[in-house]
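This report covers aromatic pairing and the surroundings of a few residues in one model.

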Amino acid sequence: METNENRTTAAPALGHYTIDPGASAVEFTTRHMFGLLPVRGGFAIRSGGVDIAEPLGGSGVRAEIDAASFRTGNKQRDAAVRSARFLDAERHPLMTFTAEHLDGPSVPGTLTVRGVPRPVSLSIESIEESASPTGSFSARATTRIDRTEFGVTAARGLAGRHLTVTIRVHCVRS
């Protein structure tokens, strides 16, 4: 496996892998109060899978993210973001990401939030294979999204429009 600064370039072994929700997460950073204050938070990954194929470009990903798991450490803000004004987690409990191919170090796919699908490309930053005999790997990828493209338009100016998202997954061969 070859590493270039923070990027590991080797792919995991061919096969189907299940995302381990307990060892995986979606983290984000944004700004609020008219861009003056940073906000960090995250979501839980409910389930998902990764298929590593030959050729590698034919690989795929599917992940389900629990909208109600939104957390920033501020109970009032977290409840507001889960409400119908923002994520509407009661009516749209899952956010999904699906990708049917890889494009080099990118994973172009579709992110669906509040029932609104939009194209998103994840940039793979690292892949680390485990020495475990069961076969597993961990991966980290990032992207930047505009929440207004998904219909999350409340509190313009006050709440950050763009989020820098980091996905960390641990996948186990299944």
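## Contacts and ring pairs

Leaving aside neighbours within four places in sequence, F43 is in contact (heavy atoms within 4.5 Å) with A25, V26, F28, I65, D66, A67, S69, F70, R71, L87 and M95. This is a predicted model, in which local features need pLDDT of at least 70, side-chain atom pairs count only at pLDDT 80 or more, and totals for chains, interfaces and linings use all residues. Residues are numbered from 1 along each chain as its sequence is written, and side-chain values use heavy atoms, with hydrogens and water left out.

F43 and L87 touch the most other members of the largest nonpolar core, which has 40 residues. Such a core is a set of buried Ala, Val, Leu, Ile, Met, Phe, Trp, Tyr and Cys residues joined through side-chain atoms within 4.5 Å; buried means under 20% relative accessible area with a 1.4 Å probe, protein chains only.

The whole structure holds four aromatic pairs. Ring centres lie within 6.5 Å in a pair; planes under 30 degrees apart count as stacked, over 60 as edge-to-face and the rest as tilted. Two of the pairs are listed here.

| Pair | Type | Centre to centre | Angle between planes |
|---|---|---|---|
| Y17 and F137 | edge-to-face | 4.9 Å | 80° |
| F28 and F70 | stacked | 5.5 Å | 15° |

F28 lies in strand β4 (residues 25–32) and F70 in strand β6, so their pair ties together parts that are 42 residues apart in sequence; strands are DSSP E runs of at least two residues, numbered from the N terminus. F28 is buried at 5% relative accessible area, and F70 is buried at 7%. Ring pairs link F28, F43 and F70 into a cluster.

Conventions:
Buried < 20%, exposed > 50% of the residue type's maximum accessible area, 1.4 Å probe, protein only. Phe/Tyr/Trp six-rings, centres within 6.5 Å; stacked < 30°, edge-to-face > 60°. Helix = DSSP H or I, 4+ residues; strand = E, 2+ residues; numbered from the N terminus.
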